[in-house]
Amino acid sequence: MPNITLNNISKRYTPDHPPAVDQVSMEIEDGAFMCVLGPSGCGKSTILRMIAGLENLTDGEIAVAGKSLDHVRKGIFVPPEKRHIGLVFQSYALWPHMTVARNIEFGLKLQKMPAQERKQRVADMIAMLKIEGLEDRYPAQLSGGQQQRVALARTLAMNPGVLLLDEPLSNLDAALRLSMRAELTRLHKEFGTTIVFVTHDQWEAMTLATKIAVMNKGTLQQIGTPDDIYERPANRFVAEFIGNPPINMLPVTSSVAQHLINISGFSIPSEASTDQAMLGLRPEGLQLSTDASGKGFPVVISDIMPTGGAWIIELQANAVTSENESFSLVYTTQTPPLWRKGEHVFLRAAPHAMHLFSKDGERQSLSINSKTAAFAEMKTPNLCKSKTEDIL
Amino acid sequence: MSVMTDTACSTAWQRWRYKLEIAKRAPTIFIGLALLFIFGWLIVAPIVNMMMEMFTVQTGDEMRVGAEAGQFTSYYLERVFSSRMSSIIFWKPLWNTLMVAVISMVLSMIIGSILAWLLVRTDLMGRKWLSTALIIPFMLPAWTFALAWTTLFKNATIGGQPGWVENMGYQLPDWVSYGVFPTIVIMTLNYIPFVILLVGNALRRLDSQLEEAGKMLGASRPKIALSIVFPLMRPALMSSALLIFADAIGEFSVPYVLGLPVHFETLATSLYRAIGTQQTGVAAVFAAVILVFGIATLALDAWMMREARRFAIIGSKGAMERRQSLGILQWPATILALVMVFIGVVAPLGALALSTVMHIPGRFEFSNFTLDYWIGTNLDTIAMQNGILFSSEFWAAAWSSISIVGSASICAGILGLLTGYIVLRSPLRVVSVTLRQVTFFPYLVPGIAFAVAFLTLFAVPHGPIPALYGTPIILFLALIADQMPFASRAGISAMTQLGSDVEDSARVSGAGWCRRMYSIIIPIQRNALVTAVLMPFISGIKGVSLFIILAVPATDVLTTFSIRLIDFNYTQAANAVVLMIALIALLGTIVINRLTRTGLAQGLES
């Protein structure tokens, strides 16, 4: 199975607008299940269409299995119909005038596959995607989920080495999303196909992909495993884009941030102690306690929102500095909260939930403070193990 | 965060080479350029050439102008606009044209809007049936009604068989029988369906919740009509008024049939006369004037439509259709609608149909009825000794009508769909914008002016193209060009509705361009293609302007055949031929309506 190489690819629609895709390079290994994730308009779909050959490059090179499909500087362009790359459109793009069976058969006919074999393949696909009985229906007579299965069957029938999916789960309802997700993972295992899909939905990305490439405004922000992306965001954009509810961001110079960093046994490197440097705190990595002896930062509970099985708790942190800053923070927990609105509690943060970003948004590590380090090391595992205890 | 360090830009040559490589794989650019070439030759060249003829000394005019043929001259402009003759040959016809156009526009707007409101917004009795019946005149050639008028109201001024009314013993003054009055009546009748379609469509889209919201706030009914409904309808009203005006300026057939006996001339008939007397230069000036009016009006319309988009009505999805009860007005309203059906459809078609089975017009005696004009043989006349169904001339004309118009429409339909495809898919914006505008251009040019433009270009050999005058080819080409607005509109709107995903997915499945066209685009657009062929066919089969200028007896078609019959006073036979044309047009329209439920109204809009 092939690996895909994107080498410095750019796409610029009009000279006076910033490029839709700006010098993106990535290597998608053979058999990978890769997700390109980003907000709408970040150029992720353009990348997918570029790999398929439907969108032309302004600069750069795309190669599959070492063979250039696009190479602007060498003047190489392989048209989409010759690439043998499967693409499932977000709209599914089924041909409305053909039945399900004929939709699936179309590409095979173009390959001049003998009729007998073709029939067998269509039947196999229909069985595999569980759309039996729909063979003679037209796309307009199918539900959204069925249409997507047909679109997948149509693409998989061609047995493509590379499968591209455009927002594969976004048009489906919650129940269908789960079953389709399982389906896609199974297909990936069975076929060993290299799959690349794009989405704006982090849930979709985190649950499906083995690797995620985060994009913003046409540029690549970070590539890594879902855990990498979540636990070690390369910059502020990635940290803020991933996570629900979103990560809390506090100026490093605020007393809350200073306090939380200090009691965890860290200190801020001198180059990051400016106003624009930010401390990110994952909501689920915060800890609350009513006990002042934990040295937590005093906060007020301003709102408690149940979301069914989990709670989102809004905190108000009044800084004690001269400027009287006030920050609101979000904390999530899966244990029923024992506080009421307006109650005073003390806030701490687990070290793994803290992320420092320099003023230009790049990730920076917190330095370990020798004086308090011992305290933190002793305290942290304890905190993580028994959250409830600590809260009580 | 690209890790590559090689950030120097690719050179222009490299990018160009890459683009060329792409273009080779997708013929969109080449087809686009080919279409531009075709339309440049068929649409732009004739008009530009005609504009130049205006300023060029024509062969045969050397003595009069006092210069060599082919030299620059302002003689024709002076002759038309400021010579001793100009009040007769230009200003009077211009006045007539404007008067007829404005009055018939106003009348048809008033009557048409009322009818549209009755049909769309009230509980008028039989409105389903009426809304079809009232549209029928739109499907028929305008001069059908002119002929019906002469059949009924012709007086003894020009000899030949008198009309029914005279035959019944009433003397009719000339102003009733010919000239400005009947022209206005006929043109009004002809445009009413147009207003019903356009205004009715706009009314249908107008959410009645908007009116109800006004009612809830305590507005009275007149207040609602004046400050909610009318402002929202204004774009549709203005648009139909302007389209009618532009069309009326170039109308040839009605004033030709009704105006000639009393020397009632409009710009279009003057133009025809100038052609008939070999004054090509003067004819070009007339054509240019009509063209300027057409372009100015439609530019105004385009500008106003753009303005109107500012308050596009939102929420058409939740539009509610609630009809107003007419109450005691039910009967007068129904009677009004029925009267309009009678005047606009039953009377004219009935008169024409009856006239073809009567020896002497208007005498309702059994002995006077005959089928001779349809199926008679060895009749006691100089020409037309057989009824039209047994006349070889009729079948020859019918055949050439159908073959010339039919083949032109098929070409126009295919070109229209291709145009739609290129307009939406061309990577070069210039190509798509130019194509969209060039194909719409003939709509701004009244048929008669377009015909003159074609005549000036193709009557003489140009390069490898021989002189085409007198051949069916010139008609064929002129029809294609003239019908491109309808065909390209149909093509563009059909392609707009078809997202590019459907084609792209065929592409990644491995289908080349031809295969995609054949297996995906054309099958999906089958109905649109049929519409793009039929719309031009209907409009071509009932059209007069192009044929009367470009056809010669050797290329006789149904319209010129019937007009020749009128000129020779074979009224019954002429009427029979016209009925046959109407029948063909009607059948075509029914087929379109079957295919696309609102095809007609949509085709007219924007």
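A residue is buried if 20 or more other C-beta atoms lie within 10 Å of its own, exposed if 12 or fewer, and partly exposed in between, with C-beta atoms placed from the backbone. The model is predicted: local features need pLDDT of at least 70, side-chain atom pairs count only at pLDDT 80 or more, and totals for chains, interfaces and linings use all residues. Residues are numbered from 1 along each chain as its sequence is written, while chains are lettered from A and ligands numbered from 1 in the order in which they are written.

Start with a helix of chain B. Helices (H or I, at least four residues) and strands (E, at least two) are DSSP runs, numbered from the N terminus. Helix α21(B) is mostly covered, with 12 of its 12 residues buried. Among them are G447(B), F450(B), L455(B) and F458(B). From first C-alpha to last, α21(B) reaches 16 Å, close to the 16 Å expected at 1.5 Å a residue. That expected span is 1.5 Å times one less than the number of residues.

Which helix packs on α21(B) at about 80 degrees? The partner is α2 (residues 28–53) of chain B, and the two axes lie 8 Å apart. Axes are lines fitted to C-alpha atoms, for helices over the stretch in contact, and angles run from 0 to 180 degrees between N-to-C directions. The two helices, α2(B) and α21(B), are therefore roughly perpendicular to each other. Angles of 65 to 115 degrees count as roughly perpendicular, under 35 as roughly parallel, over 145 as roughly antiparallel and the rest as oblique. On the α2(B) side, the contact uses A45(B), P46(B), I47(B), N49(B), M50(B) and E53(B). On the α21(B) side, it uses V452(B), A453(B), F454(B), T456(B) and L457(B). Two residues are in contact if their C-beta atoms, placed from the backbone, lie within 7 Å. By type, this contact has 8 nonpolar residues, 2 polar and 1 charged. Ala, Val, Leu, Ile, Met, Phe, Trp, Tyr, Cys and Pro count as nonpolar, Asp, Glu, Lys and Arg as charged, and the others, Gly among them, as polar.

Stay in chain B for helix α15 (residues 267–276). Here 8 of the 10 residues are buried, so α15(B) is largely enclosed by the rest of the structure. The buried ones include L267(B), Y272(B) and I275(B). After α15(B) comes Q278(B), whose phi is positive, near 60 degrees.

A loop residue comes next. Y178(B) sits in the loop between α10 (174–177) and α11 (180–205) of chain B. Is Y178(B) buried or exposed? It counts as buried, because it has 26 C-beta neighbours inside 10 Å. Leaving aside residues up to four places away in sequence, Y178(B) touches L258(B), G259(B), P261(B), V262(B) and F264(B).

Now cross to chain A. In all, 30 residues of chain B are in contact with 34 residues of chain A. On the chain B side, α1 (12–25), α23 (500–508) and α24 (513–524) each give two or more residues. The largest share, 7 residues, comes from α1(B). This side of chain B divides into 12 nonpolar, 9 polar and 9 charged residues.

Chain A has 11 helices and 22 strands. Its C-alpha trace spans about 80 × 50 × 35 Å along the principal axes. Of its 392 residues, 43% are buried.

Look at strand β8 (residues 162–166) of chain A. All 5 of its 5 residues are buried, so β8(A) is largely enclosed by the rest of the structure. In a regular strand the side chains alternate between the two faces of the sheet. From β8(A), V162(A), L164(A) and D166(A) point one way, and L163(A) and L165(A) the other. β8(A) pairs in the parallel sense with β7 (residues 85–88) of chain A, over 4 bridges. There, L87(A) stands opposite L164(A). β8(A) also pairs in the parallel sense with β9 (residues 194–199) of chain A, over 5 bridges. T194(A) in β9(A) is the bridge partner of V162(A). Two strands pair if DSSP finds at least two bridges between them.

Finish with an open sheet in chain A. Its 5 strands run in the order β15-β19-β16-β17-β18, with antiparallel pairing. The edge strands, β15 (286–289) and β18 (326–333), each pair on one side only. The twist averages 45 degrees from one strand to the next. Within chain A, 6 bridges join β16 (residues 297–306) to β17 (residues 311–318). One bridge pair there is V300(A) with Q316(A).
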